[in-house]
Amino acid sequence: MELLASLAAEERWLYPAFLVMYAAIYCVGQLFVFRRWAPRQRLDGSSCLISLFHGTPAALAAAGAILALPAGFRSFAAPNARLQDYVLDYSIAYFTMDLLHYLAFLPGDVLFIAHHLATLFVFLTCRYMVRHGAYALLVLLVLAEVTSLLQNVWTLAGIWRDQSPAAARVYGALSPPFYVLYTLVRGVAGPLFLLKMTVFYLSGQAVDVIPWWVRISWIVVVGTAIAVSNLWIWNLWKELFRERNQATAKSMKDT
């Protein structure tokens, strides 16, 4: 709490420092942590590494920035608090670094590039243009990143599972709990909060502080992201059940 109070007491522009931090972490991943991996695996591993340094810290910081405010200021139209702006800068720096990664090395991965551009648009308009509505975006950030640690470990194990039986076991063990948690967050909590956010913004209660096109664009971007996330996890569930059914059929055949 003393750290939060110290940060809130002075206005600072932390985005450049955060961007340099992510760039350094990315270089460490490329040059040292994953240097023995194949080129494509090294790229994916380095992206996961900066995601590890973003996801859980961002979720905790967002929750702290929300809880640090009086309940009356937790509104979809409330002005951004200083701590909220710092959390937005932290995430903006991450998405900038990861976007540069995709543009430089994986320009064909259009879905991730589009996702990062859309996310940056939402965060940047909230942070630097309208300067209101951070509460809504930070709640969504908590929901988006609460699965980040599990997802990144699962992803790294998946990258390495063909070369390592231990990684394959970790991937298999983490898949069901990760899928369940992700489904609950993205399939239940996320849509419910988006519905509440949509009703508020379409009611016109934020008309004096957030332009209509910004409100609509936020709703469209968040809604699209949730829909794509649910499609992704649905396909993973189908693949998991197909693999389990194939394994069961093989074991019955062998016996």
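These legends walk through several close-up views of a predicted model. Local features need pLDDT of at least 70 and side-chain atom pairs count only at pLDDT 80 or more, while totals for chains, interfaces and linings use all residues. Residues are numbered from 1 along each chain as its sequence is written, and side-chain values use heavy atoms, with hydrogens and water left out.

**View 1. Helix 3 meets helix 7.** Here helix 3 (residues 39–67) and helix 7 (residues 148–160) have axes that come within 9 Å and cross at roughly 165°. Helix 3 is therefore roughly antiparallel to helix 7 (an angle over 145 degrees, on a scale from 0 to 180 degrees between N-to-C directions). Helices are DSSP runs of H or I with at least four residues, numbered from the N terminus, and the axes are lines fitted to C-alpha atoms over the stretch in contact. The crossing is left-handed, meaning that the near helix is turned anticlockwise from the far one by less than a right angle. Contact means heavy atoms within 4.5 Å; among the residues making it are Cys48 and Leu52 of helix 3 and Leu156 and Trp160 of helix 7. By class, this contact divides into six nonpolar, eight polar and one charged (Ala, Val, Leu, Ile, Met, Phe, Trp, Tyr, Cys and Pro count as nonpolar, Asp, Glu, Lys and Arg as charged, and the others, Gly among them, as polar).

**View 2. Helix 3 meets helix 6.** Helix 6 (residues 134–145) packs with helix 3 at an angle of about 145°, the axes being 8 Å apart. Helix 3 passes helix 6 in a left-handed crossing.

**View 3. Phenylalanine 18 pairs with tyrosine 90.** The two rings lie 5.0 Å centre to centre with 90° between the planes, an edge-to-face pair (centres within 6.5 Å, planes over 60 degrees apart). Phenylalanine 18 belongs to helix 2 (residues 15–33) and tyrosine 90 to helix 4 (residues 82–105), so the pair links parts of the chain 72 residues apart. Phenylalanine 18 is buried at 17% relative accessible area, and tyrosine 90 is buried at 13% (buried means under 20%, with a 1.4 Å probe and protein chains only).

**View 4. A cluster of rings.** Ring pairs join Trp154, Tyr171, Phe178, Tyr179, Tyr182, Trp232, Trp237 and Phe241. The structure holds 26 aromatic pairs.

Note on methods
Helix = DSSP H or I, 4+ residues; strand = E, 2+ residues; numbered from the N terminus. Parallel < 35°, antiparallel > 145°, perpendicular 65-115°, else oblique. Phe/Tyr/Trp six-rings, centres within 6.5 Å; stacked < 30°, edge-to-face > 60°. Buried < 20%, exposed > 50% of the residue type's maximum accessible area, 1.4 Å probe, protein only.
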